[in-house]
Amino acid sequence: MRQYETLKDRWLFTKKDIHKIPSSLPKDWEEITLPHTWNNIDGQDGGANYYRGKCWYVTELQLNIPTDDTLVYLEFQAANSSCEVFVNGKKVTEHEGGYSIFRVDITSYLKKEDNILCVSVDNEHQDQIYPQMADFTFYGGLYRDVRLIYVSKTHFDLDYYGSEGITASSKITGEKQARLSLCGYTSNPEKSDQILFTVYDASENEIAAVSKPAESATKAELLLSDLHLWQGTEDPYLYTIQAVILRHNEVQDFVCIRHGFREFLVNSQKGFFLNGKLTPLRGVSRHQDHLGLGNALTFREHLEDAKLIQELGANTIRLAHYQHSQEFYDLCDEMGFIVWAEIPFISQMNEDPRAHENCIHQLKELILQNYNHTSICFWGISNEITIGGTAPNLNENLKDLNHLAHILDDTRLTTMAQVSMLPMEDEQNQITDILSYNHYFGWYNGSYYDNEEWLDAFHKLHPNRALGISEYGCEGIISYHNDAPKAGDYSEEYQALYHEHMAKIIEERPWLWATHIWNMFDFGCDARDEGGVAGRNNKGLITFDRLVKKDSFYLYQAYWSKKPMIHICGKRYTKRADDTITVKIYSNLSDIELFVDGVSFEKKHSYRVFHFENVPLKNDFTTITAKSDCHSDSTCFEKVDSLYEPYIFVEDESTTGVTNWFETADLKKERKMTFRKGFYSVHDTMDDLLSDEAASDILINAMSSLMNMKIKKSMLQIMGRKKLIDMTSIAPSHKKDEMKTAIAFINEKLQEIPKEK
């Protein structure tokens, strides 16, 4: 019978180089528990200097082997990003890719006692491992559980890409009726062995069973009726399927999975349908890290995140930009979220053929390990893959991944997240079943009114292509406030204003198959320095520590939640220098009455957003209360003599480029590029250019002009290993010549700067 043992305690850890695999427990290593990352602090404090390299873990295995016929497997839920595993000094396996499960049979390496497990984990950049470059911290470590699995020699397969050994899929064939297809993959079955599949409802009542002779792949089908369908967040009803390998009157192995009966489709003109019901997908993206913990999360943090997303009223989650924990996928099944799951093929393709093989391997792991999760409806094959430039075989690689996803799983749709600057006509937009775009109009460039203009233009150009928004958002830092908010001020008010616009235009376009806010939570990116807050992306609706819900959180709750709510905005904008103010309320109720110090001020009828103007403030403190039926919210404002200066963020212009840098340049002049030894050029990396003040100024201003948005030094640090010459490929085809001329001009300026002064 299968048994699990989680190896949580009694681990030793070091960052030191070691020259020999330990044969006993070292005396001078740090004692730690799993899950663990060595970047929980330096990966979140800014500076783009968090430790990336090889570290070591050691523990002694306290084995509890039931019988002599038992096999012992080691299971790693994840190790970022490459890993080598040693048992008693001998290498037993290695793995490349930081987000998926891998296992190894260690039975033959074990001794009767004193078994030493040693693991090296390396998060240093490697050309063959994705992600190559991205806007988040690549936390290193054994940041998910490590387990021992004890199984009989005859067991459900543990060796196939970390999968569960059984699969279940269903097809709705009539009202409350479905055909359930099952398969059990068996290692070492004997001739008389049987596999018994049993289906239980949510009350643990057996509703069906079928037994088949055990083979390497044992298939069975059941036609089930009077079913309770899985209806997303409205009704996430799950059945349990138990698979048992029987030998005479004895169980050799068993596996249990859960299954929700559902069908879905995406219509380019109407949107997403679940079990025939139009269900606009409106939700968030989520990263798997937390302040002070990095990515070393426990079930407690996963559950907290899922409950907060549920409280928001979202019905879909894009789990970016890699495979997430099985615990979180389980929670999505249970809570009914529709999930977009994806691989870390993000920002930049490496032309090394080994990198494409790694991408293929990670896609196989993602799909095969998560095939049984009812919540997952979409496999994502890439994200903003052209932001770091294109490559000759990029589209062919994307087609390979799309084709592979359909071979591995023909029950789900493929998708990808395009960078905003990718032209609407690009061939990439025809590769996957459906697609989405990442747009930040109103933050990095343009106005938030550009969003609906772009969306409507694409929908008109490609009426038969289902389109979504995979990312949209802006930074909101809860210490900054403004009565006249604008893009770039980092105020909580501008973030709220931006999302008010986005929520409205999204609701007006039900044909958007899915929309995902970037991001549900602030998250770690050690290269960033935004709004005076280093080491993180502040676009979350909730702060990194999960302790403060920004005003924009309550806006979406007003749009999406069915639970009655009222929220007064600006509660952190307490000090006011005006005699009267505008009080803004978010609510999903239609009528609100505002009270000032307990006295009724005004009643309003509105939709989602209420504005009460000319609300008087008395000297010192004024209490504001908003009421509707049995629901209310209150806050207090303080009258002060002058503007409270800490509310206003003052930008350091030296770190931000300008978008008119080429204004005085003659870009029609033909320039021949020279490359003087000892001087900077466009063949230098972003890291090299940013290390010199003069070269950095040229780079930041040039990139801001080329991309028509204010680029910060911290944003370019994310592209550290990228050469500037390679950035010519980010330009649309009709601007290639202009880009080449601009690059030649940049090179001319860089050639004036010596590398050694």
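**Worked exercises on a predicted model**

R412 and D409 are both buried, where buried means under 20% relative accessible area, exposed over 50% and partly exposed in between, computed with a 1.4 Å probe on protein chains only. The structure is a predicted model, in which local features need pLDDT of at least 70 and side-chain atom pairs count only at pLDDT 80 or more, while totals for chains, interfaces and linings use all residues. Residues are numbered from 1 along each chain as its sequence is written, and side-chain values use heavy atoms, with hydrogens and water left out.

**Exercise 1. Salt bridges**

Find how far apart the closest N and O atoms of R412 and D409 are, and then work out which parts of the chain the salt bridges of R247 tie together.

Step 1. A salt bridge is a side-chain nitrogen of Lys or Arg within 4 Å of a carboxyl oxygen of Asp or Glu. R412 and D409 meet this rule, their closest N and O atoms being 2.7 Å apart. Salt bridges with shared partners also join D135, E475, R528, E530, K539 and K712 into one network.

Step 2. By this rule the count comes to 41 salt bridges. One of them links R247 with E190, whose closest N and O atoms are 3.5 Å apart. Because R247 belongs to strand β19 (residues 239–247) and E190 to the loop between β13 (177–187) and β14, this pair ties together parts that are 57 residues apart in sequence; helices (H or I, at least four residues) and strands (E, at least two) are DSSP runs, numbered from the N terminus.

Step 3. R247 also forms a salt bridge with D193, here with the closest N and O atoms 2.9 Å apart. Since D193 lies in the loop between β13 and β14 and R247 in β19, the parts tied together are 54 residues apart in sequence.

Step 4. R247 is buried, with a relative accessible area of 17%, and D193 is buried as well, whereas E190, at 42% relative accessibility, counts as partly exposed.

**Exercise 2. A helix and its buried face**

Check whether the span of helix α1 agrees with its number of residues, and locate its buried residues around the axis.

Step 1. The expected span is 1.5 Å times one less than the number of residues. For the 14 residues of α1 (residues 299–312) this should be 20 Å, and the end C-alpha atoms are 20 Å apart, which agrees.

Step 2. The buried residues of α1 are E301, H302, D305, A306, L308, I309 and L312. Seen down the axis, they fall within an arc of 160 degrees, so they line one face of the helix; the arc is that of the directions from the helix axis to the C-beta atoms.

Step 3. Among the elements that cover these residues are β24 (281–286), β25 (316–319), α2 (326–335) and α7 (551–560), where contact means heavy atoms within 4.5 Å. G313 follows α1 and has a positive phi, near 100 degrees.

**Exercise 3. An open sheet**

In what order do the three strands of the open sheet stand?

Step 1. The order is β21-β22-β23, with antiparallel pairing; two strands pair if DSSP finds at least two bridges between them. Each of β21 (264–267) and β23 (277–278) stands at an edge with a single partner strand, so one side of each is left without a neighbour in the sheet.

Step 2. Four bridges join β21 to β22 (residues 271–274), and the bridge partner of N267 in β22 is G271.
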